[in-house]
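Trainee: I would like to learn how to read the features of a structure. Please show it to me first.

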Amino acid sequence: MRRAFLALVARDIRLAAGIGGGGGMAVFFFLTVVAIVPLGVGPDRPVLELLAPGMLWVGLLLASLLTLDRMFQADVEDGSFDLLSMGPLPLELVAVAKSLAHWVVTGLPLVVAAPVLGILLNLPPERMPLLVGAMLVGTPALSFIGAVGAALTVGVRRGGLLASLLVLPFYIPVLIFGVGAIEAAAGGFEGQVGMQALLLLGGLTLASFAIGPLGAAAALRANLR
Amino acid sequence: MTTSELRLAARDLTCIRGGRLVFEGLSFEVRAGEALVLTGPNGAGKSSLLRQIAGLLEIEQGEIALAGGDPELGISEKAHYAGHLDGLKPSMSAIETLRFWAAYLGGGDDAFVERALEAMALAPLADLPVAYLSAGQKRRLSLARLAVCPRPLWLLDEPSVALDAASVGRLRGFMAAHLAQGGIIVAATHLDLGLANARELRLGREAAA
């Protein structure tokens, strides 16, 4: 079972990283969105500093939505999914493997890109570690919650928009606590409030890890049988 | 694996697709070393029946049971399904594809992969990305998957589509070898595959009338 799980994660990462896999798409979207913000709101440094945490998180959420709809759909369309469902892994673990692979090719590169964009938005360097920490803790939740939306819309052509609408409301807690962790530092409560926001973010990730794959597997069964 | 007592039995099966009754009251039994060839006009339910056996389609009524083999596993884990879709990724090479399925399905090591490539005469194409393969070569790669992980029941939906005469001959030998090892094959086909030990199950009310 472990061999099957690792094989699936490795395959999905390789497919996404290859040409046409959409692996780099999220990062470039993130770069574009955040890079045009200073052009829109003007180069006023205090304003940018104020907007930075929120803009970075909003950009990150939208970017991670971008590749969501293909999580299961690609395999369903070419028939691979039938074969995957006949393997030793229950669909719940297939969903975990696919969410994990989605996080590695989408979430992780976004976290790496975030500090660079933080500089662009005049985010003070001393808040960078908190930014990266919060995103590292929060982004897995986006993939696990997103898996449910991807599974629900697996039979819908161009289901990306529908999946985004379904999933976005459930991303909001991640956004609130993600921004909260960074803002707390600005207010001088670095030690306690920032830590609390991080812990809540971690809680969200763990809860989504527990619930997301179950929901995704149930949606896949309902959709495909 | 105790293949000697292997037996696939279906009793009183009913299939309804999109509100339309496809077939009902279907019963059959296949024993180890036997092939069941499904024939019938388009829309008679050949593919639906194969998907029902594979556990990929809801069974409205009736039941399907596979006796023998590991009692811990369900039918879908004891069966290979090769449908109309090849289930291949254009950016993966032939050998990568087979290695992945061997690992995922819990099949054999690289020796199995090599043998599967040989069996379908794909060895010269092993490192080529699937995107560059022809339709027939893709089909052969899709069928080679059956050999990387030994499973007793093969469910084949039009396995000979897109294959040239030489490849059909190879497929025949491939299937005969599986039957000789005590496996079961259920295949839907319009082409006579000329298997010894094969029985025909004709589907479709038009045909029965």
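Mentor: Start with one pair of residues: Arg7(B) has Arg31(B) in β2(B) as its bridge partner. This is a predicted model, in which local features need pLDDT of at least 70 and side-chain atom pairs count only at pLDDT 80 or more, while totals for chains, interfaces and linings use all residues. Residues are numbered from 1 along each chain as its sequence is written, and chains are lettered from A and ligands numbered from 1 in the order in which they are written.

Trainee: How many bridges join strand β1 of chain B to β2(B)?

Mentor: Eight bridges join strand β1 (residues 7-17) of chain B to β2(B), and the two run antiparallel. Two strands pair if DSSP finds at least two bridges between them. Helices (H or I, at least four residues) and strands (E, at least two) are DSSP runs, numbered from the N terminus.

Trainee: What is the order of the strands in the open sheet of chain B?

Mentor: In general, the side chains of a regular strand alternate between the two faces of the sheet. Here the order is β2-β1-β4 in chain B, an open sheet of three strands with antiparallel pairing. β2 (20-31) and β4 (61-67) of chain B are the edge strands, each pairing on one side only. On average, neighbouring strands of this sheet are turned by 15 degrees against each other, direction ignored.

Trainee: Which helix lies across β1, β2 and β4 of chain B?

Mentor: Helix α1 (residues 46-54) of chain B does, and it runs at about 120 degrees to β1(B). Axes are lines fitted to C-alpha atoms, for helices over the stretch in contact, and angles run from 0 to 180 degrees between N-to-C directions.

Trainee: How do strand β3 of chain B and β8(B) run, parallel or antiparallel?

Mentor: Strand β3 (residues 35-39) of chain B and β8(B) run parallel, joined by five bridges. Thr39(B) stands opposite Arg202(B) in β8(B).

Trainee: Of the five residues of strand β8 of chain B, how many are buried?

Mentor: A residue is buried if 20 or more other C-beta atoms lie within 10 Å of its own, exposed if 12 or fewer, and partly exposed in between, with C-beta atoms placed from the backbone. In strand β8 (residues 198-202) of chain B the number buried is zero, so the strand lies largely in the open. For a contrast in chain A, take Gly194(A), found in helix α9. Gly194(A) is buried, with 22 other C-beta atoms within 10 Å. Ile211(A) is also placed in helix α9 (residues 190-224) of chain A, and Ile211(A) is partly exposed, with 13 other C-beta atoms within 10 Å.

Trainee: At what angle do helix α2 and helix α3 of chain A pack?

Mentor: Two packed helices are described by the angle between their axes and the distance between the axes. Helix α2 (residues 25-41) and helix α3 (residues 45-66) of chain A pack at about 150 degrees, with axes 9 Å apart. That makes α2(A) roughly antiparallel to α3(A); angles under 35 degrees count as roughly parallel, over 145 as roughly antiparallel, 65 to 115 as roughly perpendicular and the rest as oblique. Their crossing is right-handed. A crossing is left-handed if the near helix is turned anticlockwise from the far one by less than a right angle, and right-handed if clockwise.

Trainee: Which residues of α2(A) and α3(A) meet?

Mentor: Among them are Phe29(A), Phe30(A) and Val33(A) in α2(A), and Leu48(A), Leu51(A) and Met55(A) in α3(A). Two residues are in contact if their C-beta atoms, placed from the backbone, lie within 7 Å. The residues of this contact divide into 18 nonpolar, two polar and no charged. Ala, Val, Leu, Ile, Met, Phe, Trp, Tyr, Cys and Pro count as nonpolar, Asp, Glu, Lys and Arg as charged, and the others, Gly among them, as polar.

Trainee: How many residues of chain A are in contact with chain B?

Mentor: 19 residues of chain A are in contact with 20 residues of chain B. α1(A) gives the most to the side of chain A that touches chain B, with six residues. That side divides into eight nonpolar, six polar and five charged residues.

Trainee: Where is Ala121(B), which has a positive phi although it is not a glycine?

Mentor: Ala121(B) lies in the loop between α4 (110-119) and α5 (135-148) of chain B, and its phi is about 55 degrees. Ala121(B) is partly exposed, with 14 other C-beta atoms within 10 Å.
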